[in-house]
Structure formats: C-alpha cells, structure tokens
Number of protein chains: 2
Amino acid sequence: LGSRAGILGDDCALIAPGAGTLAISVDLSVEGVHFRRDWLSAEEIGWRATAAALSDLAAEGAEAVGVLSSVALPRETPSAELEALMRGVGAAVAAVGGVVFGGDLSRAPQWIIDVTAVGRARRPVTRAGARAGDGVWVTGALGAARAALHGWEARQPPADALRLAFARPEPRLAAGRWLAEHDARAMLDLSDGLGGDAGHLAAASGVAIEIDLERIPLAPGIEAAARRANQSQAHFAALGGEDYELLVALPPEFGPAESLGFQRACGLRLTRIGSVVEGAGARFQQRGEIVPLRGYDHFA
Amino acid sequence: LGSRAGILGDDCALIAPGAGTLAISVDLSVEGVHFRRDWLSAEEIGWRATAAALSDLAAEGAEAVGVLSSVALPRETPSAELEALMRGVGAAVAAVGGVVFGGDLSRAPQWIIDVTAVGRARRPVTRAGARAGDGVWVTGALGAARAALHGWEARQPPADALRLAFARPEPRLAAGRWLAEHDARAMLDLSDGLGGDAGHLAAASGVAIEIDLERIPLAPGIEAAARRANQSQAHFAALGGEDYELLVALPPEFGPAESLGFQRACGLRLTRIGSVVEGAGARFQQRGEIVPLRGYDHFA
C-alpha cells in the first residue's frame with residue numbers, strides 16, 4: 001500500500017517567489033475514459049494529458065512555469081512505457097517553456113495520469129468579464145479531435161492530421177498571452193467544445209452569447225466524420241471537445257486589423273464567430289435561425 | 001469524452017503573489033490500490049487523500065494555502081457521495097487553515113482522487129540537508145495505520161483509534177513549521193513508513209542513518225496486529241506506511257529541553273530515534289545488532 005516513489009525525489013515542487021499571479025490547474029486522464037491505449041502511444045498519452053492542463057493556463061493568459069505529474073500504471077507495465085509517458089510530459093511542457101518539477105508514481109489497474117500545471121500571469125483573464133457588445137472569437141480551427149474520435153469509434157482509422165489533433169494538441173500559451181495583453185475580457189479553452197464552453201463563458205460572465213455556426217473555422221478533413229454523424233461540418237465542429245483552442249471575448253473595437261496582428265504574432269487564425277449580448281445562455285444560429293445543439297459526446 | 005466540469009467554475013486556481021517559496025505537492029489515491037470503499041466513508045476518502053498531499057507541505061515546513069482536487073467517480077455514484085467526498089477534502093484543508101480552490105470532475109470505473117496541495121514556506125526544508133552528528137527524530141507515534149490495514153486484511157475490524165489513524169490522518173503542518181523554525185536540517189513525512197523513508201532521507205542527504213528500533217514511539221493498540229504479523233511492535237511500526245508523521249534531522253544541540261518545547265507548542269511527542277552518521281543507507285538496530293527490515297506492504 002502506498003508505494004509513492006517521488007519521480008524526482010523531494011515531496012514538493014518548490015517555486016521561488018516571483019512577479020504575477022500564480023495560476024494552477026489540474027487535469028485527470030483515465031485510460032478507457034479519456035483515452036484508449038490502442039489509440040495513443042505512451043508518449044502521446046503523456047503529451048496529451050500535459051497539454052490539457054497547460055491549456056487552462058493559456059486560457060488565463062499565463063505563461064507556463066512547470067508541471068507535476070501523478071501517474072498510476074498497472075504493475076506489469078514495462079519501465080520503457082513509463083519513460084515514454086514521461087518523455088511526452090516533458091516534451092509538452094518544454095514546448096511552452098516550462099519544466100517538469102516532479103511527481104508521484106503508484107499502481108492502478110489502468111493507466112491514470114493527473115497533471116498539475118503551474119503558471120504565472122501578469123493580468124489573469126478569467127471566464128467572467130465578457131460584456132454586451134464584445135465580439136466572440138476563436139483561435140485556430142475546430143472539429144479535428146472529434147473527427148479522430150468518431151473515426152476510431154467507427155473503426156475508420158483517422159487520417160494523420162486528425163489523429164495528431166487528438167494525440168498532440170498544442171496548448172495556446174503564446175496566443176493566450178497575446179490576447180490577455182490586447183484586452184481580452186473573458187477567455188476559456190475549448191476542452192468541452194464550443195457547444196458546452198460557450199455556455200460556461202456566458203454563465204460566468206452573466207451575459208448571453210450568440211454564435212453564428214457558419215463563421216466557425218473548420219479543421220480540414222472533417223467532412224467524412226460529419227457526414228457519418230449526419231451533421232453539418234459546423235454543427236459537428238461545434239460539438240467537438242478536446243480542441244484546446246481558445247474562446248475569447250474581445251472589446252468591440254477589436255476588429256480585422258487586430259486579428260491580422262494576432263495571426264502575424266502567433267501564426268494562428270483568430271476568427272470572429274459571434275457576439276456578447278444581454279441575457280443568459282449560449283445560442284447557435286445558422287442563416288438567422290436558432291439551431292439547438294445536441295449534448296456533447298461521451299464515450300465511457 | 002472529456003466531461004470536465006470545473007467544480008468551482010474557472011479553469012485555474014489563481015493565487016496572489018506573496019512572500020515565501022511556493023511548495024506544491026500532488027497525491028493520487030485510487031480505489032482498490034490506496035483505499036477500499038468498505039473501509040472508508042466518502043468523507044474519509046476525501047479527508048485522507050487531502051491529508052496525504054498536505055503532509056508533503058508539512059515536511060517542507062510550509063503553511064497551507066489551499067488545494068485543488070481532481071476527482072473521477074463511476075457514472076452511477078449518487079451526488080450525495082460526491083458532496084461527502086468534497087466535504088472531507090474541505091474539512092482536511094480547513095483544519096490546517098487553507099481553502100479549496102477548485103478542481104475537476106470526471107468519470108472512471110472506480111473512485112480516483114488526486115489532490116494538489118499548495119503552500120508557502122519562508123525557509124523550505126528539503127530531504128537533503130542532514131549531516132553526520134545530527135539527531136534523527138520522529139513526531140507522534142507509529143504503527144496505527146498499518147495495524148488498521150492488517151486488521152481489515154485479516155477480517156478483524158480495527159479498533160476505532162487504529163481505524164481513525166488510517167481514515168483521518170492529521171497532517172503535521174504546525175509541527176513542520178515549528179521544526180523548520182528550529183533549524184531542522186532535513187525532513188520528510190512517513191508516507192512509506194520509516195523502513196523506506198529513512199533510506200530516502202539518507203540518500204537525498206548523502207549520509208547514513210542509524211535508527212534504534214527500541215526507541216521508536218509505538219502507537220497504542222498495535223500489539224495484536226504485530227503478533228499476527230509475527231513481528232516485534234517496533235519492527236511492525238517501522239514497516240508501517242501511511243502514518244504521516246514527520247521524520248526530521250535536527251542539529252546535535254537539539255536535545256530533551258527543545259523536544260519538550262516542541263511538545264508544549266504542538267501538543268505532540270517528538271522522539272529521538274537515531275543519528276546521522278557518515279556513509280550511505282539506513283540501518284535499523286536492536287540491542288546493538290543490525291536488524292534487516294523486510295520490504296513494505298503492498299496490497300494491490
């Protein structure tokens with residue numbers, strides 16, 4: 001009982017005092033619930049779990065300091081698999097300029113990895129700051145991770161680009177910082193998908209959010225999966241979780257010129273998909289009609 | 001996939017800048033590996049997982065700021081059970097003056113709880129600072145949690161005091177701070193038991209540690225369990241993990257008077273059980289003879 005070998009020795013990660021608010025996020029990934037081992041390599045499992053926790057820092061406009069990982073693996077797991085898992089953790093955090101502080105290793109019947117990400121933000125951007133009149137914008141393109149999932153579930157192995165969107169999502173830390181410095185009013189990362197997270201932003205800010213489905217930037221290659229799901233690509237993409245793009249409310253004066261500035265600075269699209277209005281909840285529209293979105297997918 | 005409802009709303013815990021080094025620790029508890037549901041109530045599971053993470057802060061001499069919890073529960077779990085679990089988390093952190101910042105909730109086939117504890121330390125005490133000539137001391141008394149475990153495994157329900165030692169361990173934050181302020185050279189919490197953790201302290205400090213089994217302070221009520229294990233009480237207690245007492249190296253001038261000062265300030269015993277010497281590894285002695293300790297227990 002309680003074999004908890006410190007991966008790096010000490011009981012705690014120690015972080016020197018520094019400027020800025022500290023942002024800390026945790027993200028738990030369980031085999032069979034959040035991923036399957038026949039979908040992802042050990043390294044990808046480590047990357048993905050770490051990216052998910054780092055993505056929460058991105059949504060605060062924070063920079064990454066480092067991560068701690070709690071890992072549990074079945075007793076018979078070869079040590080090369082643990083090493084590959086930790087290589088993925090290390091690569092994901094190194095890609096955004098952070099370090100692995102340490103962690104905790106124990107046993108479990110399935111693979112479990114919980115990542116704690118620590119960052120600093122000069123001016124943290126929460127979910128609660130959107131005001132009527134703000135524009136609603138999204139980074140990157142949506143739907144690829146959902147298309148990969150639907151491919152696996154339909155026994156149609158997804159194309160590489162879709163698979164990578166699920167296996168190696170890139171947390172948007174530089175984008176989040178740029179947006180925080182350009183007066184982002186409220187921000188979150190699309191871990192549950194636009195269909196759920198737009199409502200979270202609206203609820204936290206005490207406003208309503210209207211989204212035009214036709215403006216949603218679509219990841220390439222999701223046509224077949226959307227067709228199999230009998231949904232338009234935009235509808236399909238709006239229901240896709242795990243994209244880890246940022247959803248952000250920006251002041252009314254933020255327009256196409258500023259969006260271009262973002263694209264130049266971050267190498268990533270920033271698309272206006274809707275508006276903040278008075279009221280409550282998130283509404284999705286297509287050609288002026290309100291489209292009810294079914295709930296998101298759950299696979300376990 | 002990926003239903004991650006923030007228990008308290010935002011993606012990150014935000015912690016204002018403050019004085020002192022930040023100490024962060026994670027501790028993963030998995031049903032069937034670290035606890036069984038027929039042994040502990042939901043509230044106790046929450047308390048125990050939280051206390052285990054807070055105990056790492058105690059070992060740094062830190063004060064608690066707060067915790068984040070990642071929880072996964074089977075789909076059919078009644079919400080009252082989640083509430084009880086979170087009540088236990090909240091009670092454990094409130095008992096040491098911290099708060100619950102938030103967390104993450106998802107599904108899994110068994111109960112999983114991973115707690116991230118955040119604290120601050122003016123002068124963190126690591127495992128690596130013990131020097132030859134230091135005394136080796138331990139807080140409280142050892143063996144009760146192991147006796148509870150052995151009771152359950154032998155289908156002899158443990159007495160209340162033993163059961164509580166396992167179900168509601170008290171992280172020694174005030175004791176850890178007192179020791180840090182009184183020149184503790186190296187410190188860790190006995191989560192693996194003296195048999196393993198004395199070696200961890202020795203390895204991190206680059207010294208050897210000699211422990212006199214006869215000086216180990218024994219928790220009352222462990223006789224029957226030790227007898228069933230066919231071990232002396234001291235041997236039994238030295239192998240017991242999950243005590244969450246502190247093992248600390250203190251300078252040679254720290255003596256009985258200082259120990260009494262500790263007892264008055266913290267309401268807890270502090271017992272000298274051995275010495276730091278040059279060399280490597282941990283040695284356990286009884287009546288001048290070296291006693292090899294079997295490895296610790298593993299129950300899954």
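How many residues does the contact take from chain A and from chain B? The contact takes 65 residues from chain A and 65 residues from chain B, where contact means heavy atoms within 4.5 Å. The model is predicted: local features need pLDDT of at least 70, side-chain atom pairs count only at pLDDT 80 or more, and totals for chains, interfaces and linings use all residues. Residues are numbered from 1 along each chain as its sequence is written, chains are lettered from A and ligands numbered from 1 in the order in which they are written, and side-chain values use heavy atoms, with hydrogens and water left out.

**View 1. The interface of chain A and chain B.** The size of an interface is often given as the accessible area lost when the parts come together. Chain A and chain B bury about 5,200 Å² between them, with 52% of this area on carbon and sulfur atoms; buried area is the accessible area (1.4 Å probe) that two parts lose on being put together, summed over both. Between the two chains, 10 residue pairs are in polar contact, both residues being at pLDDT 80 or more. A polar contact is a pair of N or O atoms within 3.5 Å; within protein, one must be able to donate a hydrogen and the other to accept it, and residues adjacent in sequence count only if both atoms are side-chain atoms.

**View 2. The side of chain A that touches chain B.** Elements that each supply at least two residues to this side include β2 (13-15), β3 (21-30) and α1 (42-60) of chain A. Helices (H or I, at least four residues) and strands (E, at least two) are DSSP runs, numbered from the N terminus. β3(A) gives the most to this side, with 10 residues. By class, the side has 31 nonpolar, 18 polar and 16 charged residues; Ala, Val, Leu, Ile, Met, Phe, Trp, Tyr, Cys and Pro count as nonpolar, Asp, Glu, Lys and Arg as charged, and the others, Gly among them, as polar.

**View 3. Strands joined between the chains.** β3(A) and strand β2 (residues 13-15) of chain B run antiparallel and are joined by 3 bridges; two strands pair if DSSP finds at least two bridges between them. Opposite Ala23(A) stands Leu14(B) in β2(B).

**View 4. The relation of the two copies.** Chain A is superposed on chain B by a rotation of 180° with 0.0 Å of shift along its axis (RMSD 0.0 Å). The two copies are thus related as by a two-fold rotation axis. Superposition is by least squares on the C-alpha atoms of residues with pLDDT of at least 70 in both. Because 100% of the interface residues of chain A are also interface residues in chain B, the copies meet through the same surface.

**View 5. The open sheet of chain A.** Its 7 strands follow the order β8-β10-β7-β11-β9-β12-β13, with mixed pairing. At the edges are β8 and β13 (289-290) of chain A, each pairing on one side only. Strand β7 (residues 135-139) runs antiparallel to strand β10 (residues 246-250) of chain A, with 4 bridges, and Val136(A) has Ala249(A) as its bridge partner.

**View 6. The hairpin of β12(A) and β13(A).** These strands run antiparallel, joined by 2 bridges, and Gln286(A) stands opposite Glu289(A). The hairpin has 2 residues between the strands, and Arg287(A) takes a positive phi near 50°.
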